[in-house]
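Trainee: Could we go through this structure together? I would like to begin with charged pairs.
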Amino acid sequence: MIPFLERGFDIYGIDLSKEMLDKLRRKAPNAQVIQADIAKYTVQENFDYIFIPSGFISLFTDMRMCKKILEKIKKLLTVGGKFVFAVDTVFGRCDEDNTYKVRASVKTKEGHYLTLKMKNYYDKNSQTQFSPSIYELYNNTELLRSENIDFQTHLYHYGEMEEYLKNCGFKSIVTYSNYQKEPANNDECEMFIYECSV
């Protein structure tokens with residue numbers, strides 16, 4: 001959101017995480033944001049442009065819920081408004097790994113280490129990548145705190161999301177394989193980026 005604010009855009013945001021919104025407000029106190037669940041929240045205005053960063057749509061592994069979110073977003077757009085978002089693809093699925101492995105470790109400003117451990121398995125029938133994870137905070141070798149996260153993502157085949165968007169009434173659907181806007185035409189890329197309008 002901050003890069004858009006810095007460029008003078010009139011932008012409005014919604015997020016379920018109070019912690020993330022608090023961090024944003026510290027950096028941009030005048031940011032127009034609200035803490036809410038997009039599936040339940042209603043707003044009376046319409047927007048010219050809606051985007052969902054990264055592959056967050058893939059977090060909706062219940063496809064009925066995903067379709068409801070797409071329908072809601074369509075109703076929030078002005079005539080000719082654009083919706084831009086990305087999803088993860090089956091090409092990026094992780095091999096099955098039944099043991100937790102360190103995927104990332106960063107040093108905090110307090111001098112502690114925050115470590116992410118993860119294991120993976122992919123369910124082909126539901127196209128769901130299961131990645132149970134553990135965040136651990138260490139002071140040298142002393143474990144200070146840990147938090148388990150049941151991380152799941154729906155991985156898309158080429159043409160799958162396009163069909164959902166058409167059924168919701170979106171028009172002019174363009175699918176890219178990367179941020180350089182190279183067209184996607186198969187599953188051989190780690191993400192699909194969609195640009196569509198009503």
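Trainee: Is D97 buried or exposed?
Mentor: D97 is buried, because its relative accessible area is 12%; buried means under 20%, exposed over 50% and partly exposed in between, with a 1.4 Å probe and protein chains only. The model is predicted, local features need pLDDT of at least 70, side-chain atom pairs count only at pLDDT 80 or more, and totals for chains, interfaces and linings use all residues. Residues are numbered from 1 along each chain as its sequence is written, and side-chain values use heavy atoms, without hydrogens and water.
Trainee: Which side chain does D97 meet in a salt bridge?
Mentor: K101, at 3.3 Å from N to O; a salt bridge is a side-chain nitrogen of Lys or Arg within 4 Å of a carboxyl oxygen of Asp or Glu. K101 is partly exposed, at 41% relative accessibility.
Trainee: And which pair links distant parts of the chain?
Mentor: E136 in strand β7 (residues 128–139) and K117 in strand β6 (residues 113–123), 19 residues apart; strands (E, at least two residues) and helices (H or I, at least four) are DSSP runs numbered from the N terminus. Their salt bridge is 2.9 Å, N to O. E136 counts as buried at 9% relative accessibility, while K117 is partly exposed at 22%.
Trainee: Which residues are joined into one network?
Mentor: K18, D22 and R25, through salt bridges that share partners.
Trainee: How many salt bridges does the count come to?
Mentor: The count comes to nine. One of them joins R64 and D62, with the closest N and O atoms 3.6 Å apart.
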